[in-house]
Amino acid sequence: MFVDVEAVLDPPRQEVRARFRISEYPPERWWLHDNLEIVGCRVDGQPAEARRFLGGPGAPFSPRVHQIEVTPAGAVLELDVAGVIGGVEAEVNCLGPELTELALYVGWHPVFVSYPSFEFTLDLQLLGGGPVAVNAVRLEDPSPGRSRWRSASGGIDIAVVASPGFVETRHDRLPVRALANADHGPAAIDLVRVVGSAMEACAAWWRPVRGADVVMLALSPREGWPYSRLPLILLPGGTGTTSEALHIVLHETAHLWWRVARPLSADDWLNEGLAEYAANRLARDLLPGEFTRVRTAATLAELAAHPDDEPVIESGQESPARHRNRYLRPALAIEAIERQVGAAALDRVLAAWLDSASDTPLSTPAALAILDQQLGPTIATCLSDALTTPGWQPPSTAE
Ligand SMILES: [Zn+2]
C-alpha cells in the first residue's frame with residue numbers, strides 16, 4: 001500500500017486539511033476520527049461514496065474513532081478530509097499552539113494493528129512554522145514553511161511532532177538528534193548521548209546499522225505515553241531521562257537492528273525478544289546497576305506469577321501473555337545462552353540471524369537451525385524448549 005499525503009496543519013486554529021491518495025488499499029472498513037469531515041472522495045478518478053458508521057461501536061483504542069466504508073473498490077482512493085482537533089486524546093494526540101503531535105492518517109490515531117504497513121510521501125505545511133520531525137526521511141523542502149518526507153520503511157501510520165519552542169540537539173559524531181523545549185534541554189543531551197552509545201555498542205556486537213537511519217528523538221511537552229515509529233521516538237518531556245524511560249529508548253533503538261521477523265506473526269518474539277534482550281544488555285552498561293537489579297527481579301517475579309501462560313510461539317497478538325511471551329521470556333532465554341556460551345559466541349549467531357533476515361523475514365525454525373549449526377544441538381534445544389513449553393521457568397531462577 002502506498003499513501004501520498006498533502007497536509008496543512010494550522011495549530012493556532014487547531015485545524016487540519018489533508019488529501020490522501022492511497023493505492024493498493026485494503027477492501028476492509030477503515031477507521032476515521034469523528035472530528036474529521038470527508039470533503040471529497042474519489043475512486044480511480046470517479047466520485048465515490050464514503051459511508052460512515054458513527055452509530056456503531058467505537059474503535060477499541062478510542063471511542064471517538066469510527067469505521068467508514070468506501071464503495072466501489074478500485075485501484076486508487078483519493079480522500080479529502082478537514083476538521084478541528086485539539087488537546088490531548090488517548091494521551092498523545094494533540095494539535096494546538098504549543099504542540100502538534102499527531103498520527104496523520106485517515107484514522108487519526110497511532111494504532112492500526114489490523115492494517116498492512118504502507119510506504120508514504122508527505123507534503124506538510126505547518127502554519128506558524130517551527131521545527132518538525134516525522135517518522136520518515138526528510139527530502140528537500142519545496143518552499144519555506146513546507147517540508148517533504150518519504151517513509152524510511154513500511155509503517156502503520158505517519159507520526160508528526162512539532163512545537164514552536166523546540167530546539168534541536170545533535171550528537172557530535174552519530175546520526176542522532178533530539179527535539180526538546182529549552183527546559184528539557186539537559187534531558188535531550190542525555191538522550192542523545194545514551195542513544196549514541198547504544199548504537200555504537202550494537203554496531204560493535206553485530207554490525208553497523210543498515211541504511212542512513214537518523215534516530216530522531218522528541219521530548220514532547222506533555223504527559224502520557226512514550227511510543228516510537230522508527231526512526232522517530234517520542235517521549236513525554238517530564239519523564240525523558242528516568243531509567244524506565246531510557247530502557248524504552250534503548251529497546252526502540254535496538255529495533256534499528258531487530259526488525260527481522262514478520263511483526264504480527266508468531267515469530268514476532270524475534271523482533272521484541274531480541275530488542276528487549278539488547279535493551280537489558282545495554283542497560284547493564286549504560287544505566288545504574290540498581291535499575292537492572294530491580295527490573296530483573298520484577299521480571300522474574302512476574303513470570304513466576306504466571307506459570308500457566310501458553311508457550312511463547314503459540315502466543316497470539318491478543319493474548320494476555322503477549323508481553324511476557326514476546327518480550328520477557330525470549331529476552332531471558334537469550335540472556336541464559338549468553339551466560340552459557342559467552343557474549344562473543346552468541347553475537348556471531350545474532351549477526352547470522354541479522355544477515356539471514358536481509359533477504360527474507362527470519363522465522364523461528366530458521367533461527368533455531370542457525371543456532372544449531374553454530375552452537376550445537378544442546379543450546380538449540382534449550383532455546384526451542386524455552387519457546388515451546390507452557391509456563392516455562394527462565395533458567396536464571398534455577399541457578
Ligand atoms: Zn519493541
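## Confidence

Over residues 107-111, pLDDT stays under 50, and the model has 27 contacts beyond four places in sequence for this stretch. Where pLDDT is low, the predicted coordinates should not be read in detail.

This is a predicted model. The protein averages a pLDDT of 90, and 94% of the residues score at least 70. Confidence is lowest in α9, with a mean of 46. Confidence is highest in α7, at 98.

Strand β10 covers residues 99-103. Five of its five residues are buried, so the strand is largely enclosed by the rest of the structure. Leu-99, Glu-101 and Ala-103 point one way from β10. Thr-100 and Leu-102 point the other way. In a regular strand the side chains alternate between the two faces of the sheet.

Which strands pair with β10? One is β9, residues 94-96, joined to β10 by three bridges and running antiparallel to it. Leu-95 has Thr-100 of β10 as its bridge partner. β9 and β10 form a hairpin, with two residues between them. Another partner is β15, residues 159-162, which is also antiparallel to β10 and is joined to it by four bridges. Here the bridge partner of Ala-103 is Ala-159 in β15.

## Nonpolar core

The largest nonpolar core holds 102 residues. Val-195 and Ala-218 touch the most other members.

What does Ala-218 contact, leaving aside its neighbours within four places in sequence? Its contacts are Ala-133, Val-161, Ala-178, Leu-179, Leu-232 and Leu-234.

## Helix α7

Helix α7 runs over residues 364-375. At 1.5 Å a residue, its twelve residues should span 16 Å. The end C-alpha atoms are 16 Å apart, which agrees with that expectation. The expected span is 1.5 Å times one less than the number of residues.

## Gly-391 and its loop

Gly-391 is found in the loop between α8 (377-388) and α9 (395-398). Is this glycine buried, partly exposed or exposed? Gly-391 has 14 other C-beta atoms within 10 Å, so it is partly exposed.

Leaving aside its neighbours within four places in sequence, Gly-391 is in contact with Pro-307, Asp-308 and Asp-309. Val-312 lies 79 residues from Gly-391 along the chain. Their C-alpha atoms are separated by 8.9 Å.

Conventions. Residues are numbered from 1 along each chain as its sequence is written. This is a predicted model: local features need pLDDT of at least 70, side-chain atom pairs count only at pLDDT 80 or more; totals for chains, interfaces and linings use all residues. A residue is buried if 20 or more other C-beta atoms lie within 10 Å of its own, exposed if 12 or fewer, and partly exposed in between; C-beta atoms are placed from the backbone. Two strands pair if DSSP finds at least two bridges between them. A nonpolar core is a set of buried Ala, Val, Leu, Ile, Met, Phe, Trp, Tyr and Cys residues joined through C-beta atoms within 7 Å. Two residues are in contact if their C-beta atoms, placed from the backbone, lie within 7 Å. pLDDT is the predictor's confidence in each residue, from 0 to 100.
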